[in-house]
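Reader: I am new to this structure. Please show me how to read its features, one at a time.

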Amino acid sequence: MNQIAFVLLDRPVTWAQATFGFAGLTLLLLALALLSSWRGGRRREAEAAAATERAREMDDKVAEMNRMQSELTGRMQTMAEILSTRQGDLARLVADRIDGLRQQVGAGLEQNVRQTTESLGKLQERLAVIDSAQKNLSELTGEVVTLKDVLSNKQARGAYGQGRMEAIVRDGLPAAFFAFQPTLSSGKRPDCLVTLPGDGRGLVIDAKFPLESFTLLRAARGEQEKKAAAARVRGDVGQHVKDIAERYFLPGETQDMALLFVPSESIYADLHEHFDDVIQKAHRQRVMIVSPSLLALAIQLMQSLVRDARMREEAQVIQSEVGKLLDDVRRLGERVDRLDNHFRQAQEDVGQIKTSAGKVTGRAEKIGALEFDDGPGSQTTLPFAGETRLKAAE
């Protein structure tokens, strides 16, 4: 409308044209107003119809909701009844379960108390054993401390090595084949002298092994200390081996080999592992370094030699005794033969006695089978002396 007005204003028109234009414009405006009113009515009618439809649908929905609410109320009542019933059943079930659980818990607690009591009893027994073991350990600790004190003293350590060596020798050899601290012709007194059969020379066993240098070697921390301690071990052991070779090798009186007893297996192992040159030097000087196990093995070998020598010495006596044993066995065989003859003769006599007894039994049965007739005109004569029988004629 504004555009039309602008168009009309821009052009120069006459009055008639203006009048006709305004009339047409008025008609146009009226037509537009009628069209707008008609459309508004239609719209209002459509809106009213839609509102009515919506109201109807709303009523239907409200009715459906009321129906569903009624059904839901009925279902809720049913569920309430079912829940009430189930709650009662559940309460009874829970009560039963609680009673059973109470009984199980009571039995479990009783069993746990019994097991705990038994465990405490066993624990007390083990504590008693532990106390006893602790006492033994304390005693052993005291003994170890005493042993340490013994090993720290040179004289006591020598006595300890001497005691171990004497125990090994005494357990393996008869007393006639060894001597402790004997005096040699040179005035020297070795720790032990073992005399083997068939040879008057004795085997010297020395138990004074130097342990101070090994103690220093184990206590050393730096390289210089270890080298100094190793040098001292070589010097002390080498000097002791030299002293044994000079003191105890006496021609015709002692063997040309001696044993140097080390009272510790670990020291012997360290000596062989780290000081092989010392071992070789001792071998060249005919001195064998032995540990307790090697000394026991050597003593067992000597025991075998002693046993063989005794067997050879007693061979004639054994042969004589075996000959006497054979004579006794021969006489025993003869006596058994004679006894067998006696048994055989007795068996024959018994057979004859059985034959005689059978004959006597047969005759007794015949006598028992006789029939006697006491009527007139008959006479029966019993057999006498077992030979005849007479019958009277009828």
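Author: Start with a definition. Helices are DSSP runs of at least four residues, numbered from the N terminus. Keep in mind that this is a predicted model.

Reader: How far apart along helix H2 are Arg56 and Glu53?

Author: Helix H2 covers residues 15–152. Arg56 and Glu53 sit 3 residues apart in it, so about one helical turn separates them. Their side chains meet in a salt bridge, at 1.9 Å from N to O.

Reader: What makes such a contact a salt bridge?

Author: A side-chain nitrogen of Lys or Arg must lie within 4 Å of a carboxyl oxygen of Asp or Glu. The pair Arg56 and Glu53, at 1.9 Å, is one case.

Reader: How many salt bridges does the whole structure have?

Author: The search finds 12 salt bridges. Let us look at some of them.

Reader: Which residue does Arg67 meet in a salt bridge at 1.8 Å?

Author: That partner is Glu64. Arg67 and Glu64 are 3 residues apart in helix H2, so about one helical turn lies between them. Arg67 has 38% relative accessibility and counts as partly exposed. Glu64, at 33%, counts as partly exposed.

Reader: What is the N to O distance between Arg67 and Glu71?

Author: It is 2.7 Å, and the two side chains form a salt bridge. Arg67 and Glu71 lie 4 residues apart in helix H2, about one turn of the helix. Glu71 is partly exposed, with a relative accessible area of 37%. Shared partners can also link salt bridges: Glu53, Arg56 and Asp60 are joined into one network that way.

Reader: Which residues form a nonpolar patch on the surface?

Author: The patch is made of Leu28, Leu29, Leu32, Leu35 and Trp38. Together they have about 450 Å² of accessible area. Take Leu28 as an example. Leu28 is found in helix H2. Its relative accessibility is 37%, so Leu28 counts as partly exposed.

Reader: Now the strands. In what sense do S1 and S2 pair?

Author: Strand S1 holds residues 178–180 and strand S2 holds residues 192–195. They pair in the antiparallel sense over 3 bridges.

Reader: Last feature. What describes a pair of aromatic rings?

Author: Two values do: the distance of the centres and the angle of the planes. For this step, planes under 30 degrees apart count as stacked, over 60 as edge-to-face and the rest as tilted. The count here is 1 aromatic pair. The rings of Phe178 and Phe180 have centres 5.1 Å apart and planes at 50°, so the pair is tilted.

Reader: Which relative accessible areas do Phe178 and Phe180 have?

Author: Phe178 has 14%, so Phe178 is buried. Phe180 has 22%, so Phe180 is partly exposed.

Terms used. Residues are numbered from 1 along each chain as its sequence is written. This is a predicted model: local features need pLDDT of at least 70, side-chain atom pairs count only at pLDDT 80 or more; totals for chains, interfaces and linings use all residues. Side-chain values use heavy atoms; hydrogens and water are left out. Rings of Phe, Tyr and Trp (its six-membered ring) pair if their centres lie within 6.5 Å; planes under 30 degrees apart count as stacked, over 60 as edge-to-face and the rest as tilted. Buried means under 20% relative accessible area, exposed over 50%, partly exposed in between (1.4 Å probe, protein chains only). Helices (H or I, at least four residues) and strands (E, at least two) are DSSP runs, numbered from the N terminus. Patches are made of residues with over 30% relative accessible area and no salt bridge: like charges are joined within 9 Å, nonpolar side chains (Val, Leu, Ile, Met, Phe, Trp, Tyr) within 5 Å. Accessible areas come from the Shrake-Rupley method with a 1.4 Å probe; for residues, only the protein chains shown count as cover. Two strands pair if DSSP finds at least two bridges between them.
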